[in-house]
Amino acid sequence: MPKAASSSGCFSIKALLGRCTLCIFFLILQHSHVQASSGTSEHETLRFGRVGVEDPTVTLSKYQPLISKLGDVLEKRVELVQTATYMEMQNLFISGRVHLGILNAFSYVLMGREARLLPVAKRMVGTDGYYRCYIIANRNLDVTGIADLKGRTFAFSEQTSTTGYLLPMLLLREHGINPETDFSKTISIYQHDSIILAVANWSVDIASVASYVFDGYDKRITNKIKIIEKSAPIPLGPLVVRNDLGMELIDKIRNFFLTLHQSETGQSLLKEAGLSRFAPVADGEYDAIREAAARFDKEVPSK
């Protein structure tokens with residue numbers, strides 16, 4: 001069954017950051033204590049974070065071989081850490097309990113500086129480092145565009161999801177839909193593959209989902225679904241590291257990922273993860289997400 005929660009309505013990104021500030025304060029204190037007690041062995045084990053946008057067993061099968069190879073190259077133990085939500089992963093990065101990993105773009109924009117994160121690479125799917133938000137509906141639902149969605153049930157992902165919340169909220173409002181009043185019901189389903197299944201099984205009429213999850217999903221399922229609208233392309237979330245790992249280790253991590261595609265073994269690991277390669281990345285590539293977040297705070301009333 002999809003992991004779902006009742007929607008609590010719109011929120012302010014500024015308010016979210018305000019709530020995070022208190023968490024950050026206490027997490028930093030906790031991390032300072034850990035650092036003081038761990039001595040020089042602090043980074044003998046590295047923890048690689050990945051939010052489970054799909055079933056956790058799928059994420060494990062995609063990324064564990066890659067993580068294991070990274071550990072061999074670095075001569076360190078590297079553990080895969082999965083969370084069900086983006087907020088949980090943000091807290092792990094801020095507290096220093098996760099050292100590197102893959103974030104969604106919105107999480108990186110929300111807390112990258114507070115967590116002292118450096119983007120070192122971006123994922124590439126085929127020749128593209130971008131993806132979109134899809135608004136999807138069951139193929140048998142009598143809708144042809146966003147204007148037809150009023151009165152239906154809608155599934156978002158969590159409130160710090162880029163394509164599961166931020167972009168669809170803006171996209172819907174651009175087309176004259178107020179998600180607060182125009183849907184008969186809204187729910188939250190955290191995992192994007194569960195969102196797809198919910199629409200295919202008609203547990204919900206409409207939903208928003210990341211294009212890279214939808215495009216790579218079982219065609220027997222997605223053939224039951226139609227895409228109503230697409231957002232403009234946005235960059236895939238970055239591979240990040242905490243800057244307290246030290247530049248020597250950071251450079252080794254960056255080099256590992258940026259050169260993976262140059263060997264047959266690396267190509268095999270990338271294919272297993274659903275990627276073609278990792279490419280260089282710059283912080284400025286996420287300015288479009290910052291602009292979207294600013295628009296959200298301006299256009300979407302908070303509660």
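In this predicted model, helix H5 passes helix H11 in a left-handed crossing. A second pair of helices, H2 and H9, makes a right-handed crossing. The structure also holds one cavity of 30 Å³ or more, and its largest pocket has a volume of about 410 Å³.

**Helices H5 and H11**

- H5 covers residues 162-174 and H11 covers residues 287-299.
- Their axes come within 11 Å and cross at roughly 55°.
- H5 and H11 are therefore oblique to each other.
- On the H5 side, the contact is made by Thr162, Tyr165, Leu166, Leu167, Met169, Leu170, Arg173 and Glu174.
- On the H11 side, the contact residues are Ile289, Ala292, Ala293, Arg295, Phe296 and Glu299.
- By class, the residues of the contact of H5 with H11 are nine nonpolar, one polar and four charged.

**Helices H2 and H9**

- Helix H2 spans 56-74, and helix H9 is made of residues 247-258.
- H2 and H9 pack at an angle of about 130°, and their axes are 11 Å apart.
- That angle makes H2 oblique to H9.
- From H2, the residues that meet H9 are Leu66, Lys69, Leu70, Val73 and Leu74.
- Their partners in H9 are Leu249, Lys252, Ile253, Phe256 and Phe257.
- In the contact of H2 with H9, eight residues are nonpolar, two are charged and none is polar.

**The largest pocket**

- The volume of the largest pocket is about 410 Å³.
- It is lined by 23 residues, and those closest to its centre are Val125, Tyr212, Val213, Gly216 and Gly274.
- H2, strand S6 (130-131) and helix H7 (211-215) each supply at least two residues of the pocket lining.
- H7 gives the largest share of this lining, with four residues.
- Sorted by class, the pocket lining has twelve nonpolar, seven charged and four polar residues.

**The largest cavity**

- The cavity lining divides into six nonpolar, six polar and two charged residues.

Terms used. Residues numbered from 1 in each chain as written. Predicted model: local features only at pLDDT ≥ 70, side-chain atom pairs only at ≥ 80, totals over all residues. Heavy atoms only, no water. 1 Å grid on protein atoms, 1.4 Å probe; cavity = no way out; pocket = protein on both sides within 12 Å on 5 of 7 lines; lining within 4 Å. Points joined across faces, edges and corners; volume = space filled by probe spheres on them. Nonpolar A, V, L, I, M, F, W, Y, C, P; charged D, E, K, R; others polar. Axes fitted to C-alpha atoms, helices over the stretch in contact; angles between N-to-C directions. Parallel < 35°, antiparallel > 145°, perpendicular 65-115°, else oblique. Left-handed = near helix turned anticlockwise from the far one by under 90°. Contact = heavy atoms within 4.5 Å.
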